[in-house]
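Work through the exercises below with the model open. Try each task before you read its solution.

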Amino acid sequence: MQGQCGPLQSPAAVFEKIPYRRRTHPWTFPEPPRFPRTPMSAPPAPDTDPRSPFPATGGECAGLLRAIDWSRHALGDPRDWPPELKTAVRTTLSSHFPMMVHWGERLHTFYNDAYAVSLGHKHPGHLGEPARDWWSEMWDQLEPFFAKVLAGESFYTEDARYTPDRDGAPREAYFTHCHSPIWDDEGRVQGIFLVVTETTRLVLAEQGRMREERRNRQILDSARDYAIISFSLDGLVTSWNEGACAVLGWTEEEMLGQPPDRFFTPEDNAQGRPQEEMRQALDHGSASGERWHLRKDGQRFWASGEVTPLRDEAGQVQGFVKILRDRTEHERLNSERDKAVRELGLLNDNLKTLVAEQAADRDRIWHLSTDLMDVCDASGRLLAVNDAWGSTLGWPEEVLLRTNFLDLVHPDDREPTIAELQRLDAGHTTKRFENRFRCRDGSYRVISWVAQPFEQRFYATGRDVTEQRRVEEQLRQSQKMEAIGQLTGGIAHDFNNLLATIISSLQLLQRKLAPVPEARGAERYIAMAGTAAQRAASLVHRLLAFSRKQTLDLQHVDANALVLGMEEMLRRTLGENIRLWLSLAPGPGRVRSDRNQLENALLNLCINARDAMEHGGRLTIETSTVVLDRLYANQHPHLEPGRYVRLTVADSGTGMPPEVVAKAFDPFFTTKPIGQGTGLGLSMIYGFARQTGGHVAIESRVGEGTSVSLYLPAVAEGAPPVPIAPPATADLPRGRGETLLFVEDEPGLRAILGEVLTDLEYVAHEAVDAPSALAVMDALGAPDLLITDVGLPGMGGRQLADVARRRCPDLKVLFITGYANEASVRSEFLGPGMDMMAKPFTIEALACKVRQMLD
């Protein structure tokens with residue numbers, strides 16, 4: 001801390017600016033050493049000359065100054081010194097407080113006996129000499145101070161650190177000092193007046209005290225098992241160690257200045273227990289006991305504590321300290337130990353110690369284990385059970401000990417369980433056996449058992465694997481559905497190629513036979529064949545939907561608007577004996593889905609619900625917004641956490657048992673009579689939901705009805721809408737001589753496409769794969785439109801389009817596909833100037849699409 005002393009008025013005024021400090025401290029430091037003085041032949045005679053600056057009361061330093069031969073000194077005869085210098089030297093030598101004067105350009109130095117104590121071996125050799133000669137080791141530190149004062153500015157500092165040479169080596173020392181300028185009558189600074197006191201002992205004592213405080217705090221904080229808390233006399237927290245943070249939960253910042261009521265129970269606070277502890281500590285010297293306390297999170301714990309008064313050096317009470325230790329576990333173990341001791345008291349006294357130790361260990365494991373443990377006989381009667389039976393199955397111990405556990409086994413598992421008991425009775429060990437046990441609420445848990453026979457008793461340990469088996473079954477179901485999806489997807493692809501050839505051939509044949517009168521009788525057969533092919537195409541489409549290989553045209557679809565748009569059609573479909581009820585949440589938002597596929601899925605669910613209500617009932621369509629968290633997503637690995645729109649179709653029909661629900665999404669599985677269903681409706685919905693990044697869930701109870709929920713990813717607010725392709729015209733547009741290149745590896749379809757495009761007055765060129773298509777382009781130049789299958793052998797259709805566009809950047813491309821993984825989402829697969837058609841397609845659809853792209 002630095003400040004200004006102001007101009008020199010009088011030595012007393014300067015002295016008042018230096019704070020007084022008692023030179024006492026709990027720790028004892030040695031006095032500064034008294035260094036040897038230069039021997040004098042004889043003390044000088046007292047100076048009685050009134051003009052002399054060295055008064056008779058000036059002590060040793062005044063006598064030493066009188067002994068100097070001033071005639072040879074730079075300052076000359078002291079009687080001729082300037083009055084300012086004489087006054088300053090007289091004041092300094094007469095004072096019992098450490099003072100010093102520096103005078104002139106070389107800062108000749110004068111000091112008194114009080115200051116000489118701090119100089120060590122430097123005294124008295126440099127008395128009257130320039131300051132730089134005897135403070136050379138600290139001159140870099142002192143010179144800026146002197147320069148500031150010589151410029152007319154006073155300087156003051158407290159506890160400044162220096163390293164003076166007192167005994168031949170630098171020693172750390174601390175000083176509080178004030179430098180004031182000495183002006184002459186003309187206002188010029190001629191010297192420096194210094195008032196100083198050494199504070200080394202006080203500073204070192206304070207540093208030691210702070211080190212001791214830090215050390216004590218570290219000691220307190222290292223006791224993390226103990227909460228050590230101090231209070232003021234009025235009961236407010238004044239310190240809070242790390243152990244208190246660990247045991248009670250609050251930080252020191254949260255508790256300083258707070259009453260201890262926070263960690264006492266409401267019952268103890270109501271009885272004034274915190275104040276009572278302090279009263280007992282004052283009356284008896286301490287107050288101890290064990291009781292319940294509270295943590296920050298509200299949890300109760302059993303703790304032992306002691307409160308003692310804090311006293312100062314005079315013995316006056318300044319506050320209290322409380323030491324608290326969590327004894328909850330100790331108390332629990334004490335209870336267990338007491339119980340074990342009571343049980344073991346019935347055993348032989350000679351085995352008491354050994355049995356007590358072993359029984360305590362077994363008892364602890366018995367009670368702490370989360371696995372079911374029991375002792376039973378060959379008939380299944382339970383003789384002992386551990387706590388896990390109650391926490392897992394809900395049955396109290398007293399009920400279980402009156403029960404034959406076979407009565408709790410699932411009826412389907414009784415015979416295998418009896419057989420396993422017989423094996424145990426024959427001396428075999430059960431390594432792994434699973435059965436289902438009935439819980440108190442009527443549900444069943446799957447338990448995996450390990451058991452061993454011993455002296456007509458069976459000792460068994462069972463682990464609840466219900467959740468594990470559920471996850472395993474879910475994984476098996478997912479793998480099964482994935483495998484079936486891969487198989488059906490491959491079959492559907494091949495069928496699509498065949499159907500595309502069949503349907504196109506039938507349409508081409510119909511067009512060519514139309515002008516021939518003799519062939520009019522064949523039109524009926526061609527139409528029948530076409531209808532059958534279209535039904536086959538619909539079946540293939542469902543297979544592709546299930547296998548998640550269909551091509552989707554994803555759009556931003558308003559779920560509520562879609563339901564309302566289908567309401568009239570659904571009422572006609574359901575009939576008069578089924579009441580349709582819509583429960584649409586306000587503003588559930590839009591979903592990213594294929595509108596046509598979503599309408600088809602909703603229609604299928606409503607038809608299934610109608611068929612389940614043969615005698616009528618109620619069908620509810622509900623929309624809502626839900627957030628699926630990470631826990632739910634982890635149970636369904638294909639899902640991402642986030643916001644979803646849930647579309648639920650619920651009926652009041654016959655419902656389904658669990659074994660039927662487990663197979664509901666399997667392809668070709670149906671409960672309808674033969675000929676009344678393909679078994680692909682729910683399979684298609686399952687695949688469609690998965691392909692769009694969603695999920696489908698089913699709940700059903702026999703006699704109560706079924707509820708199927710579609711979870712579809714919600715579109716984020718402000719997301720740009722997905723553009724919708726304009727509908728194709730119903731007319732059959734023709735070409736204008738444009739050049740088309742079509743690439744198809746299926747020979748029959750390739751031949752049909754060539755003939756159809758030629759009939760539509762286009763110049764058509766064909767290729768069987770990507771290399772041959774690029775060769776055609778090299779020979780003929782860029783076509784007006786490239787038509788290519790997506791799933792070509794070798795280089796795929798999308799890669800072919802990229803290569804062709806590098807040659808002809810403006811080339812338009814039409815993809816045709818039976819299925820392709822990379823083409824499953826149109827918006828992600830197609831670039832500018834591209835479009836897609838799914839196989840099989842009609843000639844009319846192909847003609848319209850080609851004309852639309854060329855225009």
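Buried means under 20% relative accessible area, exposed means over 50%, and partly exposed lies in between (1.4 Å probe, protein chains only). This is a predicted model: local features need pLDDT of at least 70, side-chain atom pairs count only at pLDDT 80 or more, and totals for chains, interfaces and linings use all residues. Residues are numbered from 1 along each chain as its sequence is written, and side-chain values use heavy atoms, with hydrogens and water left out.

**Exercise 1. Backbone angles**

Task: Is Asp 159 buried, partly exposed or exposed?

Solution. 
- Step 1: Start with the general rule. Most residues other than glycine have a negative phi, and most peptide bonds are trans.
- Step 2: Check Asp 159. Its phi is positive, near 50 degrees. Asp 159 sits in strand E4 (residues 155-162); strands are DSSP runs of E with at least two residues, helices are runs of H or I with at least four, and both are numbered from the N terminus.
- Step 3: Classify Asp 159. Its relative accessibility is 26%, so it is partly exposed.
- Step 4: Check Leu 107. Its phi is also positive, about 55 degrees. Leu 107 is in the loop between strand E2 (99-103) and strand E3 (108-111).

**Exercise 2. A cis bond**

Task: Which residues does the cis peptide bond with omega of about 5 degrees join?

Solution. 
- Step 1: The bond joins His 123 and Pro 124.

**Exercise 3. Salt bridges**

Task: How many salt bridges does a search of the whole structure find? Then study two pairs.

Solution. 
- Step 1: Apply the criterion: a side-chain nitrogen of Lys or Arg within 4 Å of a carboxyl oxygen of Asp or Glu. The search finds 33 salt bridges.
- Step 2: Take Asp 326 and Arg 295. Their closest N and O atoms are 2.8 Å apart. Asp 326 lies in strand E11 (residues 317-326) and Arg 295 in the loop between strand E9 (287-294) and strand E10 (300-311), so the pair ties together parts 31 residues apart in sequence.
- Step 3: Asp 326 is partly exposed at 29%. Arg 295 is buried at 15%.
- Step 4: Take Arg 572 and Glu 568. Their closest N and O atoms are 3.3 Å apart. Both are in helix H19, 4 residues apart, so about one helical turn separates them. Arg 572 is exposed at 58%. Glu 568 is exposed at 58%.
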